[in-house]
Amino acid sequence: MTADRATEFHTLYRELRIHDQREFYEGRRDEYRSAHQQAIIVRNALLFAAGVAGVGSQFADGTLRSAIAIVAAVLAALAGAVTAFSALVGFSWLDKLYDDAGHNLAEAEIDWRALDPHGDVESGLERVEEIFRKETGQWGQLAVQAESAPDDRHP
């Protein structure tokens, strides 16, 4: 026996709209979380190496001491560059954005399963679509923040 249109819509919306989008959000969250952790590890390794080189330069004389000190300074500068890149891309902010959206969709999916396909599904639809609007709004907020950032080139 075939399901009626309301039940088919209910199932398709859950699978193709809620579940697929939740998987997308969770995948992006994992990607940005991993990138943030990698940036932290690289930064810390560079800072540790810079510290070791700085201490090591104390036990050398002449040109070798200067060379080791330069290496330490370059490593520290690279650590700063990694930190700046991580902040510029916003790995932790993107992790939180996708995590929040995925978590909200997971809750909405549970509620959607409990809805009667033949009842009033409008409130369930509105809740899910509001999650998408909020996530999209965060991107707009990011664009506004970028536009309103002070421009050091023009006094």
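**View 1. The largest pocket holds about 180 Å³ of space.** This is a predicted model, with residues numbered from 1 along each chain as its sequence is written. Local features need pLDDT of at least 70, side-chain atom pairs count only at pLDDT 80 or more, totals for chains, interfaces and linings use all residues, and side-chain values use heavy atoms, with hydrogens and water left out. The lining is made up of Trp93, Lys96, Leu97, Asp100, Ala101, Asn104, Ile131, Lys134, Glu135 and Gln138. Elements that supply two or more of these residues are α3 (91-114) and α4 (122-148), and α3 gives the most, with six. For the grid-minded: a pocket is an open set of points on a 1 Å grid over the protein atoms alone, where a 1.4 Å probe fits, with protein on both sides within 12 Å along at least five of seven lines; lining residues have an atom within 4 Å of a point. Points are joined across faces, edges and corners, and the volume is the space filled by probe spheres set on them.

**View 2. The whole protein is four helices and zero strands.** Read from the N terminus, the order is α-α-α-α. Helices are DSSP runs of H or I with at least four residues, strands are E runs of at least two, and numbering starts at the N terminus. Of the 155 residues, 24% are buried, where buried means under 20% relative accessible area, exposed over 50%, and partly exposed in between (1.4 Å probe, protein chains only). The protein exposes about 10,400 Å², with carbon and sulfur atoms supplying 61% of that; areas come from the Shrake-Rupley method with a 1.4 Å probe. Take contacts (heavy atoms within 4.5 Å) between residues at least 6 apart in sequence, and 77% of them join residues at least 24 apart.

**View 3. Helix α2 carries both Leu78 and Ser86.** Leu78 sits in the 62-89 stretch and is partly exposed at 42% relative accessible area. Together with Ile70 and Val74, Leu78 makes a nonpolar surface patch of about 270 Å² accessible area. Patch members have over 30% relative accessible area and no salt bridge, and nonpolar side chains (Val, Leu, Ile, Met, Phe, Trp, Tyr) are joined within 5 Å. Ser86, by contrast, is buried at 11%. Leaving aside neighbours within four places in sequence, Ser86 touches His36, Ala39 and Phe91.

**View 4. Arg17 and Glu129 pair up in a salt bridge at 2.7 Å, N to O.** Arg17 is in helix α1 (residues 5-57) and Glu129 in helix α4, so this pair ties together parts 112 residues apart in sequence. Both ends are partly exposed: Arg17 at 30% and Glu129 at 22%. The rule asks for a side-chain nitrogen of Lys or Arg within 4 Å of a carboxyl oxygen of Asp or Glu, and it gives 15 salt bridges.

**View 5. Glu109 has salt bridges to Arg22 and Arg113.** With Arg22 the N to O distance is 2.2 Å. That link runs from helix α3 to helix α1, across 87 residues, and both partners are buried. With Arg113 the closest N and O atoms are 3.5 Å apart. Arg113 and Glu109 are four residues apart in helix α3, so about one helical turn separates them. Arg113 is exposed at 51%, whereas Glu109 is buried at 4%. Elsewhere, salt bridges that share partners join Arg29, Asp30, Arg33, Asp95 and Asp99 into one network.

Methods:
Patch = residues over 30% accessible without salt bridge, like charges linked within 9 Å, V, L, I, M, F, W, Y side chains within 5 Å.
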